[in-house]
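The description follows the order of the headings.

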Amino acid sequence: MNFFSEDSILETINMIKVHNLDIRTVTLALSLRDCCDTDVHCVGEKIHEKIVRYAKNLRKYSDEIESEYSIPIVNKRIAVTPISLVGESCKNPDYIYLAKILDKAADEVGVDFIGGFGALVEKGMTKGDSLLMESIPEALAQTNKICSSINLASSKAGINMDAINKMAQIIKQTADLTADGDGIGAAKLVCFCNAPGDNPFMAGAFHGYGEPECALNIGVSGPGVVRAAVDSLRKDAPLDEVANKIKQIAYKITSTGELIGHEMAQKLGIPFGIIDLSLAPTPAIGDSVAGIFRAMGLEHAGAHGTTAALAMLNDAVKKGGIMASSHVGGLSGAFIPVSEDAEMIEAARNGFLTFDKLEAMTCVCSVGLDMIAIPGTTPIDTIAGIIADEMAIGMINKKTTAVRVIPVPNKKVGENAVYGGLLGEAPIIPVNNLSSTGFVQRGGRIPAPIHSLNN
Amino acid sequence: MSKENDKIIITIIGADKVGIVAKTTAALAECQVNIEDIKQSIMQDCFVMFMLANADKSPKSFSEIKDKLTKIGEEMKLEVWVQKKAIFDKMHTI
């Protein structure tokens with residue numbers, strides 16, 4: 001076909017140049033189940049060899065494709081089998097050693113992050129799961145590229161309160177061990193309900209059960225593009241028109257991701273897995289999900305109406321994107337990480353966006369309480385309460401929810417935590433001072449909910 | 001028969017001046033890249049040129065062709081985009 005349209009070409013160039021359209025991540029998902037061994041050093045050698053073998057060309061091919069289509073591919077990542085599964089085959093398990101091996105392999109192949117230093121414990125913890133969880137603070141403090149995620153609840157299994165209490169303590173320890181970096185270790189640690197096993201985004205990426213040997217998963221982005229599309233409508237356009245416009249632009253964003261994903265998978269000689277239809281913001285000006293709320297007519301993120309705006313946005317992104325791709329998965333939807341979104345940061349700093357409003361928004365966003373800085377003095381039981389609330393939202397609503405809060409050591413409400421790069425910066429916001437102790441310290445499990453009588 | 005994947009769209013944006021078309025087409029000819037269609041216009045006082053080219057007979061790699069055109073863009077102070085056509089086909093057709 002020799003036809004080409006000047007308008008279409010300029011629209012595409014404009015989306016990339018002005019509105020920050022990019023491929024947020026190409027993530028090589030890799031099973032490490034065949035790396036089990038009774039000796040931890042054999043496990044380490046097998047893991048290192050396999051990652052380097054599969055991922056050695058990831059960066060090179062990604063750069064080539066970026067040049068061929070002139071679209072930025074921001075992150076190159078690897079997601080592996082939850083390491084608790086691999087490590088517990090050893091008679092002499094040493095998860096910190098395995099974390100260092102993963103970090104070394106990630107460094108050698110030049111990826112930005114490697115995810116999967118985690119466990120799935122929604123119903124209970126094995127010995128290996130417990131050991132891995134206890135090693136998280138040291139592992140994240142002693143490595144640069146490791147991301148850790150723990151699944152603590154699901155709609156089928158309920159909520160594991162014992163594991164939540166353990167993780168609340170681990171989050172605190174992780175932040176304290178990285179106090180020099182405002183607790184940056186906790187920015188690489190996430191607690192999930194209903195964690196998807198094909199998510200390409202960090203910190204929660206891992207290669208789940210039922211996944212193939214390897215796959216190439218891709219995450220797109222483009223809040224700036226969606227905002228520009230909404231801005232192009234007249235100010236009094238009804239919301240159904242706004243939703244349709246978002247669907248159309250989501251289709252274009254996703255089809256680009258689909259193309260890049262297939263090309264990347266073909267070059268690597270591995271199957272294409274899924275595309276994650278996500279609106280992932282960055283701290284760059286104009287690349288903000290909160291900016292879309294303002295384009296829709298809200299004064300700022302946090303105003304009454306924000307949850308409704310986010311619900312519509314999240315749904316329209318999925319509807320538009322789903323037709324553009326053969327396989328959709330991951331977290332698909334709009335992310336609301338506070339520190340990674342310039343206008344969310346502004347809203348939080350001005351007190352427009354409170355912890356409670358953020359929690360309400362997580363009922364309809366793609367993930368959950370994300371990149372929220374809280375005072376370093378927040379009691380561990382309060383952190384456990386925060387996690388339990390968020391897990392409950394996910395469990396009852398059959399959606400993925402997550403918690404990535406950072407109790408910033410030695411800093412209090414109103415001060416700023418600075419992480420840099422895509423992780424951005426966050427004003428420390430207050431949490432409720434009432435005690436959660438009596439409830440969370442009961443421990444045990446919250447039973448799985450009934451899946452009928454949906455009121 | 002040429003493969004769709006060898007098709008390239010070149011977009012040049014900037015102030016109008018003598019020699020834009022001449023230099024670009026000469027570079028493409030040197031690389032044995034065939035120009036299948038060319039359109040140009042002035043948009044908001046900006047010169048914009050679009051070229052559909054086919055690199056299926058070129059001995060040069062995509063990046064060599066792109067580097068050559070980007071260098072011309074730098075010399076003439078023009079914005080040059082060299083992209084495989086598939087991105088536009090995929091994004092703008094259902």
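## Chain A as a whole

Chain A contains 15 helices and 16 strands; helices (H or I, at least four residues) and strands (E, at least two) are DSSP runs, numbered from the N terminus. The model is a predicted one, in which local features need pLDDT of at least 70, side-chain atom pairs count only at pLDDT 80 or more, and totals for chains, interfaces and linings use all residues. Residues are numbered from 1 along each chain as its sequence is written, while chains are lettered from A and ligands numbered from 1 in the order in which they are written.

The C-alpha trace of chain A spans about 65 × 50 × 45 Å along its principal axes. Of the 455 residues in chain A, 59% are buried, that is, 20 or more other C-beta atoms, placed from the backbone, lie within 10 Å of the residue's own. Among contacts in chain A between residues at least 6 apart in sequence, 80% join residues at least 24 apart; a contact requires C-beta atoms, placed from the backbone, within 7 Å.

Strand S13 of chain A covers residues 401–408, and eight of its eight residues are buried. On one side lie A:Thr401, A:Val403, A:Val405 and A:Pro407, and on the other A:Ala402, A:Arg404, A:Ile406 and A:Val408, so that both faces are covered by the definition of burial given above.

Two strands pair if DSSP finds at least two bridges between them. Strand S7 (residues 189–193) of chain A runs antiparallel to S13(A), with three bridges joining them; here A:Cys191 stands opposite A:Val403. Strand S12 (residues 369–375) of chain A pairs with S13(A) in the parallel sense over six bridges, and A:Ile374 has A:Pro407 as its bridge partner. Together with helix H14 (residues 380–397) of chain A, S12(A) and S13(A) form a right-handed β-α-β unit: with the strands pointing away from the viewer, the path from the first strand over the helix to the second runs clockwise.

## The largest nonpolar core

The largest nonpolar core has 183 residues, of which A:Leu152, A:Met167 and A:Ile387 touch the most other members. Such a core is a set of buried Ala, Val, Leu, Ile, Met, Phe, Trp, Tyr and Cys residues joined through C-beta atoms within 7 Å. Helix H9 (residues 239–268) of chain A supplies the largest share of this core, 11 residues. Leaving aside neighbours within four places in sequence, A:Leu152 is in contact with residues including A:Met167, A:Cys191 and A:Ile387.

Chain B has three helices and four strands, in the sequence pattern β-α-β-β-α-β-α. Its radius of gyration of 13 Å is close to the 12 Å that the globule rule gives for 94 residues, so chain B is as compact as a globular protein of that length. Buried residues make up 33% of the 94 residues in chain B.

The contact between the chains takes 19 residues from chain B and 18 residues from chain A. H3(B) gives the most to the side of chain B that touches chain A, with six residues. By class, this side of chain B has nine nonpolar, four polar and six charged residues; Ala, Val, Leu, Ile, Met, Phe, Trp, Tyr, Cys and Pro count as nonpolar, Asp, Glu, Lys and Arg as charged, and the others, Gly among them, as polar.

Note on methods:
A residue is buried if 20 or more other C-beta atoms lie within 10 Å of its own, exposed if 12 or fewer, and partly exposed in between; C-beta atoms are placed from the backbone. Two residues are in contact if their C-beta atoms, placed from the backbone, lie within 7 Å. The radius of gyration is taken over C-alpha atoms; the globule rule is 2.2 Å times the number of residues to the power 0.38.
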